[in-house]
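Open your viewer, load the model and keep the selection tool at hand. We will go from one stop to the next together.

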Amino acid sequence: QEQLVESGGGLVQAGESLRLSCAASRRAFSAYTMGWFRQAPGKERELVATISSGSRTYYTDSVKGRFTISRDNAKNTVYLQMNSLKPEDTAIYYCAASRRGTSRYDYWGQGTQVTVSS
């Protein structure tokens, strides 16, 4: 099965930037829809952004204009560039893969912590 490993999280101040990376192990990566999710303490997991195999993107309203999802199929990697970070962005961020481009995500990473101080 697919292995997903996130990296790039950390502690930053409001207004700063981070770039998260998610490395996949399988060559089939290029056919997957990839998503970034996040979960803050005491809150529900929420979808942040997705990118299809054809590089169509989706963003939740709260991050539009600030976050950018991208992929490099040659490196089996998906990225989440996060600019103008806010304390409300503090969460564990998870990378996930959908084999058939549906809303069902088949593989999940372990998560990386993003903390934004005010």
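How many cavities of 30 Å³ or more does a search of the whole structure find? The search finds one. A cavity here is a set of points, on a 1 Å grid over the protein atoms alone, where a 1.4 Å probe fits but cannot get out. Grid points are joined across faces, edges and corners, and a volume is the space filled by probe spheres set on the points.

Before you select anything, a word on the ground rules. This is a predicted model, in which local features need pLDDT of at least 70 and side-chain atom pairs count only at pLDDT 80 or more, while totals for chains, interfaces and linings use all residues. Residues are numbered from 1 along each chain as its sequence is written, and side-chain values use heavy atoms, with hydrogens and water left out.

**Stop 1: the whole chain**

Switch to a cartoon view. Along the principal axes, the C-alpha atoms fill a box of roughly 40 × 25 × 25 Å. The radius of gyration, taken over C-alpha atoms, is 13 Å, which agrees with the value near 13 Å for a compact globule of 118 residues; the globule rule is 2.2 Å times the number of residues to the power 0.38.

Now colour by accessibility. Buried residues make up 43% of the 118 residues; buried means under 20% relative accessible area, exposed over 50% and partly exposed in between, with a 1.4 Å probe and protein chains only. The protein exposes about 6,500 Å², and carbon and sulfur atoms supply 43% of that area, by the Shrake-Rupley method with a 1.4 Å probe.

**Stop 2: the cavity**

Select Arg 38, Gln 39, Ala 40, Lys 43, Glu 44, Glu 46, Glu 88, Thr 90 and Ala 91, which line the largest cavity; lining residues have an atom within 4 Å of a point. The space inside is about 60 Å³. Colour the lining by class and you get two nonpolar, two polar and five charged residues. In this scheme Ala, Val, Leu, Ile, Met, Phe, Trp, Tyr, Cys and Pro count as nonpolar, Asp, Glu, Lys and Arg as charged, and the others, Gly among them, as polar.

**Stop 3: the loop between β7 and β8**

Next, select Asn 76, in the loop between β7 (67-72) and β8 (77-82). Its phi is near 50 degrees, a positive value in a residue other than glycine. Most residues other than glycine have a negative phi. Is Asn 76 buried or exposed? Asn 76 counts as buried, because its relative accessibility is 14%. Lys 75 lies in this loop too, but counts as exposed at 56%. Draw a C-alpha to C-alpha line from Lys 75 to Trp 36: the two are 18 Å apart in space and 39 residues apart in sequence.

**Stop 4: the loop between β8 and β9**

Move on to Ser 84, in the loop between β8 and β9 (91-98). Ser 84 has a positive phi of about 50 degrees although it is not a glycine, and with a relative accessible area of 40% it is partly exposed.

Finish at Lys 86, which lies in the loop between β8 and β9 and is partly exposed at 36%. Which residues does Lys 86 touch, not counting those up to four places away in sequence? Show Arg 66 and Val 116; contact means heavy atoms within 4.5 Å.

Notes
1 Å grid on protein atoms, 1.4 Å probe; cavity = no way out; pocket = protein on both sides within 12 Å on 5 of 7 lines; lining within 4 Å. Helix = DSSP H or I, 4+ residues; strand = E, 2+ residues; numbered from the N terminus.
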